[in-house]
Amino acid sequence: MSEYTAVITGASKGIGADLAGKLIERGYTVINLSRNAPEQAHERMISVSCDLLDADAVSQAARQIAAAHEVTHFVHNAGLIWPNLVEEAKPEDITGLAQLHLGSALTLLQSFLPAMKARKFGRVMFNGSRAALGVPTRTAYSATKAGMIGMARTWALELAPHGITVNVVAPGPVQTDNFWGIIPKGSERESELAAKIPVGRLGSVDDVSNAFLFFCDPASSFVTGQTLYVCGGTSIGMINL
């Protein structure tokens with residue numbers, strides 16, 4: 001039995017899958033929570049099928065995991081963008097992404113907290129976004145990603161006495177399916193965007209998962225309530241995405 005058990009939402013691909021592999025290499029048991037099965041297979045990789053847009057399904061999955069595992073790390077990585085200009089934005093876009101990005105995280109954490117508090121150790125992390133600072137066509141996405149930051153800061157204050165840290169990793173433009181769903185892969189637009197980023201390139205999943213590893217580390221116990229922008233400088237040098 002491994003010492004640490006990490007639940008990662010959306011660990012079936014992209015950043016979540018990369019982080020899952022890195023944690024498995026470090027001896028963790030990893031539980032993927034997503035609609036699809038993970039691309040990788042390992043004896044310490046468990047997959048639970050769940051649509052995080054469905055509040056009832058999330059509650060059921062949370063109870064199932066908490067009953068079978070002592071969760072020490074919770075990484076809320078899953079996300080959707082649903083881009084549109086403000087004229088086409090709908091209130092239900094905000095409602096849906098609030099459930100995905102915020103509500104599901106609350107439900108899952110509430111199930112994992114008793115074990116974390118009993119152990120006096122826990123690591124809670126969000127995959128946020130540089131879009132929390134504002135990006136065209138991101139009404140619902142930027143609102144709910146900004147909400148992650150406020151919620152994480154509140155949880156950090158409440159849970160600090162229990163040895164539980166709560167932090168946010170906020171990626172900029174990173175080469176994932178979500179990114180390529182908006183910017184065509186290999187397109188001229190992709191190249192132009194990369195050239196506008198202060199460091200001169202797009203981010204990789206490895207860039208982001210390495211930041212999560214810092215917050216996962218038991219030695220990082222004096223860092224909580226923080227948002228780390230992994231964005232190639234785009235949080236300080238604004239660009240039009």
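Which helices and strands each supply at least two residues of the lining of the largest pocket? In this predicted model, the elements that do so are α1, β2 (29-34), α4 (139-159) and α5 (177-180).

**The largest pocket**

The space in the largest pocket comes to about 920 Å³. Its lining is made up of 43 residues, and those nearest the centre of the pocket are Asn77, Gly79, Leu80, Thr176 and Asn178. By class, the lining of the largest pocket holds 21 nonpolar, 15 polar and seven charged residues. Two of the helices that contribute to this lining, α1 and α4, also take part in the helix contacts described below, where α1 packs with α7 and α4 is paired with α3.

**Helix packing**

| Helix pair | Angle between axes | Axis distance |
|---|---|---|
| α1 (residues 14-25) and α7 (residues 205-216) | about 50° | 9 Å |
| α2 (residues 55-68) and α3 (residues 91-119) | about 30° | 9 Å |
| α3 and α4 | roughly 20° | within 8 Å |

For α1 and α7, the angle of about 50° means that α1 is oblique to α7, and α1 passes α7 in a right-handed crossing. On the α1 side the contact involves Gly14, Ile15, Asp18, Leu19, Lys22 and Leu23, which meet Val205, Asp206, Val208, Ser209, Asn210, Phe212, Leu213 and Cys216 of α7. Sorted by class, the residues of this contact are eight nonpolar, three polar and three charged.

For α2 and α3, the axes are at about 30°, and because angles under 35 degrees count as roughly parallel, α2 is described as roughly parallel to α3. The crossing of α2 past α3 is right-handed. Helix α2 brings Ala55, Val58, Ser59, Ala62, Arg63, Ile65 and Ala66 to the contact, while α3 brings Gln99, Ser104, Thr107, Leu108, Ser111 and Phe112. The residues of the contact of α2 with α3 divide into seven nonpolar, five polar and one charged.

Helix α3 also pairs with α4, their axes crossing at roughly 20°, which makes α3 roughly parallel to α4. Here too α3 passes its partner, α4, in a right-handed crossing. Among the α3 residues that make this contact are Asp93, Ile94, Leu97, His101, Leu109 and Lys117, and those of α4 include Tyr141, Lys145, Met148, Met151, Trp155 and Leu159. The contact of α3 with α4 has 14 nonpolar, four polar and three charged residues.

Terms used:
Residues numbered from 1 in each chain as written. Predicted model: local features only at pLDDT ≥ 70, side-chain atom pairs only at ≥ 80, totals over all residues. Heavy atoms only, no water. Axes fitted to C-alpha atoms, helices over the stretch in contact; angles between N-to-C directions. Helix = DSSP H or I, 4+ residues; strand = E, 2+ residues; numbered from the N terminus. Parallel < 35°, antiparallel > 145°, perpendicular 65-115°, else oblique. Left-handed = near helix turned anticlockwise from the far one by under 90°. Contact = heavy atoms within 4.5 Å. Nonpolar A, V, L, I, M, F, W, Y, C, P; charged D, E, K, R; others polar. 1 Å grid on protein atoms, 1.4 Å probe; cavity = no way out; pocket = protein on both sides within 12 Å on 5 of 7 lines; lining within 4 Å. Points joined across faces, edges and corners; volume = space filled by probe spheres on them.
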